[in-house]
Amino acid sequence: MSKKRGLSLEEKREKMLQIFYESQDFYLLKELEKMGPRKGVISQSVKDVVQSLVDDDLVSKDKIGTSVYFWSLPSCAGNQLRNVSRKLDSDLESSKKRHAQLVDQCEELKKGREESDERVEAIADLKAIEQKHNELKDELAKYKDNDPAAFEAMKEAIAVAHASTNRWTDNIFTLRQWCSNNFPQAKEQLENLYKEVGITDDFDYLELAPVPLKTVAD
């Protein structure tokens with residue numbers, strides 16, 4: 001025997017609205033949670049379903065004293081649907097006007113672009129210019145390494161990287177000194193740990209070598 005299919009969210013919303021429409025009464029949430037299962041809506045999902053109806057203005061919600069009451073009348077739903085219908089009609093009318101404007105603009109843009117020998121020739125010239133432009137860009141890229149501005153930017157980047165590397169090197173030396181001062185009995189273990197992470201005996205500050213400037217002949 002196949003397992004009974006659960007209700008979809010829309011079906012749950014319809015079931016909860018039936019409770020309001022059939023009784024035309026006011027309810028507390030805990031009352032709705034008891035009534036929901038009678039319509040096939042489990043009590044745990046009643047709160048979320050009712051809140052979705054409130055968000056869509058299909059159910060009203062108000063606090064009276066210390067209690068929050070929910071209610072909905074068929075006439076309220078009718079008014080809501082009429083408001084939605086008017087909004088959709090208004091949006092449709094606006095869309096029609098916008099479409100007409102775009103059609104007019106399209107027709108205006110077409111003027112002067114009719115196919116002709118002069119237009120075909122102009123397009124061919126434009127494509128030739130674009131091709132030449134791309135060729136010059138490719139040629140210029142070959143000499144990028146000799147661009148003074150690019151070279152200066154590279155030198156600055158190297159200087160920043162060099163300073164950052166030595167700053168961390170200094171931090172590592174400081175940390176090693178701190179460990180030596182605070183854990184002298186663990187000197188051998190610390191030395192093994194340093195080697196494991198790549199801090200060997202030749203670990204030192206990085207020297208910055210001069211950057212050669214390539215020439216066009218190279």
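## A tour around helix α3

From the N terminus on, the chain's elements follow the order α-β-α-α-β-β-α-α-α-α, giving 7 helices and 3 strands. Helices here are DSSP runs of H or I with at least four residues, strands are runs of E with at least two, and both are numbered from the N terminus. You are looking at a predicted model, in which local features need pLDDT of at least 70 and side-chain atom pairs count only at pLDDT 80 or more, while totals for chains, interfaces and linings use all residues. Residues are numbered from 1 along each chain as its sequence is written, and side-chain values use heavy atoms, with hydrogens and water left out.

**Start with the whole chain.** Of its 218 residues, 16% count as buried, where buried means under 20% relative accessible area, exposed over 50% and partly exposed in between, with a 1.4 Å probe and protein chains only. Contact means heavy atoms within 4.5 Å. Among contacts between residues at least 6 apart in sequence, 58% join residues at least 24 apart.

**Now select residues 43-55.** This is helix α3, with 13 residues. From first C-alpha to last it reaches 19 Å, close to the 18 Å expected at 1.5 Å a residue; the expected span is 1.5 Å times one less than the number of residues. Colour S45, V46, V49, V50, S52, L53 and V54, which are buried in α3. Their cover includes α1 (9-23), α2 (29-35), β2 (60-64) and β3 (67-71).

The axes of α1 and α3 come within 10 Å and cross at roughly 85 degrees. Axes are lines fitted to C-alpha atoms, for helices over the stretch in contact, and angles run from 0 to 180 degrees between N-to-C directions. The two helices, α1 and α3, are therefore roughly perpendicular to each other, on a scale where under 35 degrees is roughly parallel, over 145 roughly antiparallel, 65 to 115 roughly perpendicular and the rest oblique. Show side chains next: L9, K12, R13, M16 and L17 of α1 meet S45, V46, V49, V50, S52 and L53 of α3. The residues of this contact divide into 7 nonpolar, 2 polar and 2 charged. Ala, Val, Leu, Ile, Met, Phe, Trp, Tyr, Cys and Pro count as nonpolar, Asp, Glu, Lys and Arg as charged, and the others, Gly among them, as polar.

**Move to the core.** The largest nonpolar core has 16 residues, and M16, L32, V50, V59 and F70 have the most contacts inside it. Helices α1, α2 and α3 each supply at least two residues of this core, and the largest share, 5 residues, comes from α3. Such a core is a set of buried Ala, Val, Leu, Ile, Met, Phe, Trp, Tyr and Cys residues joined through side-chain atoms within 4.5 Å.

**Click on M16, then V50.** Leaving aside neighbours within four places in sequence, M16 is in contact with L32, G36, V41, V46, V49, V50 and L53. V50 lies in α3 and, at 1% relative accessibility, counts as buried. Draw a distance from V50 to L32: their C-alpha atoms, 18 residues apart along the chain, are separated by 8.8 Å.

**Finish in the loops.** Select D57, in the loop between α3 and β2. Its phi is near 60 degrees, a positive value in a residue other than glycine, and at 51% relative accessibility D57 counts as exposed. Then find Q24 in the loop between α1 and β1 (27-28); Q24 has a positive phi of about 50 degrees although it is not a glycine.
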